[in-house]
Amino acid sequence: MNRDEVLALFDRELRREAAPDGPESKVERVGDVVRQVGPEHAWNGVIWSGLGPGDADAAIAEQVRFFGALGRAFEWKLYDHDRPADLDRRLLAAGFTAEPAETLMIAEAAPIAGAGVVVPDGVRLEPVSGRDGVERLAGVHEIAFGATHDHIRERLPAQLATGTVVAVLALAGDVPISAARMDLHPGTRFAGLWGGGTVPEWRGRGVYRALVAYRAREAVARGYDYLQVDASDQSRPILARLGFTPLTTTTPYVHP
C-alpha cells in the first residue's frame, strides 16, 4: 500500500466529497469547510477543512455560530495532517474540548477477508436486522463501552433500511457478547469499521478479530477495496497484526 496515495484518496472520497451518513442528514460545503448537518441524534460536525492561518479563526467562529443557531453540539474532526498546523490550538481557544485521539488505520479488504480468521468455539455471528437486533446491539455496546447508546437505537434502523450500514452480533448461545458495524460509502473505495465492543469476560479470545474478518468479507462482496478504522489504543495492536496500516491520527474536538 502506498500510504500517501491512500491517505489522499481517503481525504478526497470520505472528507472533501463526503456523502451524508444517514437519510436525515445533509453535507454542505461552505467556503473551505465541509460539514454534516442533521437532527440532534445524528452526527453533526466538520468533516474536512482546507484553511490557512489567515482565515482559520473566522471559519471556526462561523461554524460555532451556525451550529449554535441550530442548538446543536457539534464535532470538528481534526486529522494530524490538517492545516494550519496550529488548528488544534485555535479550536481550543474557540471553546472546543479535545476527546481522546485515535489512529486512522487502513487495510486492503481482500487480504483481511481471506486471512482464515476463525470464530471462537461457542460463538456464532448473526447479522443485525429489525429493532430487536438493534436493541441487542446497543445493549451489548453499553456493557462493553460503559456508556448509553441511544443514538444507535435512533439512527441504526434507518441506516439498515437504506443499506448504508452492515451490523453484526457475536453471541455465546443466545447471549450477545460483542457487536460491530460497518459504514458503506457508495461510489467510494472505502468501508468504515465501527464498534467492535466485547463484554469483559470474552475479551482476548478472538471475538474482535472474527468481527473484523466478517465485515471484511461483506465489504469485498459489495465491491469495496479498503477498510478504514479510527482505532483506539486497545484495538490498534490487534488491527496491526491483521494487516492494517496506521496513516495518521484523528482527534474529535467537541463544542457544546
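A polar contact is a pair of N or O atoms within 3.5 Å; within protein, one atom must be able to donate a hydrogen and the other to accept it, and residues adjacent in sequence count only if both atoms are side-chain atoms. The structure on display is a predicted model, in which local features need pLDDT of at least 70, side-chain atom pairs count only at pLDDT 80 or more, and totals for chains, interfaces and linings use all residues. Residues are numbered from 1 along each chain as its sequence is written, and side-chain values use heavy atoms, with hydrogens and water left out.

**First stop: Gln 36**

Select Gln 36 and Asp 21, whose side chains are joined by a polar contact of 2.8 Å. Gln 36 belongs to strand β2 (residues 33–37); helices (H or I, at least four residues) and strands (E, at least two) are DSSP runs, numbered from the N terminus. With 2% relative accessibility, Gln 36 counts as buried (buried means under 20% relative accessible area, exposed over 50%, partly exposed in between, with a 1.4 Å probe and protein chains only).

**Second stop: helix α1**

Select residues 3–16, the 14 residues of helix α1. At 1.5 Å a residue they should span 20 Å, and the end C-alpha atoms are 18 Å apart, which agrees; the expected span is 1.5 Å times one less than the number of residues. At the start of α1, a side-chain oxygen of Asn 2 comes to within 3.2 Å of the backbone nitrogen of Asp 4. Buried residues of α1 include Val 6, Leu 7, Phe 10 and Leu 14.

The whole structure holds seven aromatic pairs. Rings of Phe, Tyr and Trp (its six-membered ring) pair if their centres lie within 6.5 Å; planes under 30 degrees apart count as stacked, over 60 as edge-to-face and the rest as tilted. Select Phe 10 and Phe 190: their ring centres are 5.9 Å apart and their planes stand at 80°, so the pair is edge-to-face. Since Phe 10 lies in helix α1 and Phe 190 in strand β10 (residues 190–198), the pair ties together parts that are 180 residues apart in sequence. Both Phe 10 and Phe 190 are buried.

Next, select Phe 74 and Phe 96, an edge-to-face pair with 5.3 Å from centre to centre and 85° between the planes. Phe 74 is in strand β4 and Phe 96 in the loop between α3 and β5 (97–98), so this pair ties together parts 22 residues apart in sequence.

**Fourth stop: a pocket and a cavity**

On a 1 Å grid over the protein atoms alone, a cavity is a set of points where a 1.4 Å probe fits but cannot get out, whereas a pocket is an open set with protein on both sides within 12 Å along at least five of seven lines; lining residues have an atom within 4 Å of a point.

The lining of the second largest pocket includes Tyr 79, Asp 82, Arg 83 and Tyr 253. Strand β12 gives the largest share of this lining, three residues.

For the largest cavity, select Gly 22, Pro 23, Glu 24, Ser 25, Pro 39, His 41, Ala 42, Arg 155, Ala 158 and Gln 159, which line it.

**Last stop: Arg 65**

Select Arg 65, in helix α2 (residues 56–70). Arg 65 is exposed, with a relative accessible area of 53%. From C-alpha to C-alpha, Arg 65 and Gln 234 are 36 Å apart in space, and they are 169 residues apart in sequence.
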